[in-house]
Every structure is written in C-alpha cells, then in structure tokens.
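Trainee: I would like to learn how to read a structure, one feature at a time. Where do we begin?

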Amino acid sequence: MGIALSQRGTFLQANAAFLKLFGYETGSELQGRPLVDHIAPQQRDFIQGVNQERERVGGGPAEYETLGMRKDGSIFPMQVHASTVPLADGLATLAFITDISERKKDEQALRQSQQQLQVIFETLEVGIMLISPEGRISYANRRMAEMFRMPLAALIDSVYLDHLHETEKRQGHT
C-alpha cells in the first residue's frame, strides 16, 4: 500500500510502495512536487479542493476512488484513504493509496457475465425463478411471469406460496 504525506498540495514524504506505484526510483524525485501532478487531469480540481478543505478544517472524504497518474503518464484507478495529521506548521494529509485496477477489471468481467446470464434467462422458453430464504420470489424471467399469468414486476418480491393452489400446498409442493 502506498503511503504519502502532503501539505498545501505538495508532497512531503512517501513510502517505497508509493514510489513504485507511481513509477519513481527515489523519494527525492517526488518531494516538493504538486500532489495534483499524480491525479488524472479530469479529477485534479476535485482532488485539489478535497485536500484543501481537509487541511483547512480537518474534514473531507476519508475514503474515495479516483484516477491516479504515474510518472510515465499512464492512468490507473486507485482507492484513497485519507486523514489529517497535525504538523508544526499546520495540518497535512496522510493518504493510503491502493491500485484497484485488478478489482475494476474483475467488476467489469462480473457485470459482463451477469449481462450474458440475463440474456440467457430472458430468451429461454422455460420459466425460471429464484426464491429467497424468506420465501419471496427474488428473480423471475419473462416466461415464468407468463406461466403465472401476471406482470413480471408484480411477481418479483411476492410470496411464492401465495401463487400455489391449495392442493399443491397440501401435497407439499412448497
């Protein structure tokens, strides 16, 4: 995890993990450089404002995601946990930074898989539904709604047993 200390928008110190994350060899390359040089251009005004407010009043978002920019100009998603720390000449920002590129790729792959599964469920000619442990219908496809002869929106979150005929309930089809 990269850790950096900045004050008034300028880097004071950073650990080895931070240097590596942003493509630096030594801390002297980073020291005194503007913090916003390491933020993607489209995020700079926001991050600068957040840090100024944090150092002014000791508040601001403690955790957020933004886009970092390495020394070579490459951009990557990062998660920032930040807080203020008192120094002799005022408040400073202590930031813990994690590269979340892999997590973002995984989230995208999961979204694509979910979309593919949704297409499969919706094009099947068999009824599919998921029943929660509480007995409510949490998911149903179009064909299931047709089989129950009701709108899909009305079927979702309804109680499964309410849709069964009394004879089915007595026969144990629950």
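Mentor: This is a predicted model. Start with charge: K104 and E65 form a salt bridge, with their closest N and O atoms 2.8 Å apart. As a general idea, side chains of opposite charge can pair when their charged atoms come close.

Trainee: Which parts of the chain does the pair of K104 and E65 tie together?

Mentor: K104 lies in helix α4, residues 101-123, and E65 lies in strand β3, residues 63-69. The pair therefore ties together parts that are 39 residues apart in sequence.

Trainee: How many salt bridges does the structure hold?

Mentor: It holds 13. Take R142 and E146, whose side chains meet in a salt bridge at 3.0 Å, N to O. They sit four residues apart in helix α5, residues 142-148, so about one helical turn separates them. R142 is partly exposed at 29%, and E146 is partly exposed at 39%.

Trainee: Which other residue forms a salt bridge with E146?

Mentor: R143 does, with the closest N and O atoms 3.3 Å apart. E146 and R143 are three residues apart in helix α5, so the separation is again about one helical turn. R143 counts as partly exposed, at 27% relative accessibility. Salt bridges can also share partners: E65, R103, K104 and E107 are joined into one network that way.

Trainee: Now the aromatic rings. What describes a ring pair?

Mentor: A pair of aromatic rings is described by the distance of the centres and the angle of the planes. This structure holds five aromatic pairs. In one of them, the ring centres of F22 and F76 are 5.4 Å apart and the planes stand at 65°. An angle over 60 degrees counts as edge-to-face, so the pair of F22 and F76 is edge-to-face.

Trainee: Where do F22 and F76 sit?

Mentor: F22 is in helix α1, residues 16-22, and F76 is in strand β4, residues 75-87. They are 54 residues apart, and the pair links distant parts of the chain. Both residues are buried. Ring pairs also link F11, F18, F22 and F76 into a cluster.

Trainee: What lies over the face of F76?

Mentor: R70 does, at 4.0 Å from the ring centre.

Trainee: Next, the core. What is the general idea?

Mentor: In soluble globular proteins, nonpolar side chains tend to be buried together. Here the largest nonpolar core has 19 residues. Those with the most contacts inside it are F11, F18, F22, L30, M78, V80 and I97. The elements giving two or more residues to this core are α1, α3 (44-57), β4 and β5 (90-99).

Trainee: Which residues does F18 touch?

Mentor: Not counting residues up to four places away in sequence, F18 touches G2, I3, A4, F11, L30 and I97. There is also a second, separate core of seven residues, including I137, M144, L155 and Y160.

Trainee: Let us turn to strands. How do β1 and β2 pair?

Mentor: They pair in the antiparallel sense, over four bridges. Strand β2 covers residues 10-14. A4 has A14 as its bridge partner in β2. S6 also has its place in strand β1, residues 2-7.

Trainee: Is S6 buried or exposed?

Mentor: S6 has a relative accessible area of 5%, so S6 is buried. Leaving aside neighbours within four places in sequence, S6 is in contact with F11, L12, L35, E55, A92 and T93.

Trainee: Last, the backbone. What should I look for in phi?

Mentor: Most residues other than glycine have a negative phi. R8 has a positive phi, near 50°. R8 lies in the loop between β1 and β2, and that hairpin has two residues between the strands. R8 is exposed, with a relative accessible area of 57%.

Trainee: What is the phi of D157?

Mentor: It is near 75°, also a positive value in a residue other than glycine. D157 is found in the loop between α6 (152-155) and α7 (166-170). D157 is partly exposed, at 46%.

Definitions and conventions:
Residues numbered from 1 in each chain as written. Predicted model: local features only at pLDDT ≥ 70, side-chain atom pairs only at ≥ 80, totals over all residues. Heavy atoms only, no water. Phe/Tyr/Trp six-rings, centres within 6.5 Å; stacked < 30°, edge-to-face > 60°. Buried < 20%, exposed > 50% of the residue type's maximum accessible area, 1.4 Å probe, protein only. Lys NZ or Arg CZ within 6 Å of the ring centre and 35° of its normal. Salt bridge = Lys/Arg side-chain N within 4 Å of Asp/Glu carboxyl O. Contact = heavy atoms within 4.5 Å. Core = buried A, V, L, I, M, F, W, Y, C linked by side-chain atoms within 4.5 Å. Pairing = 2+ DSSP bridges.
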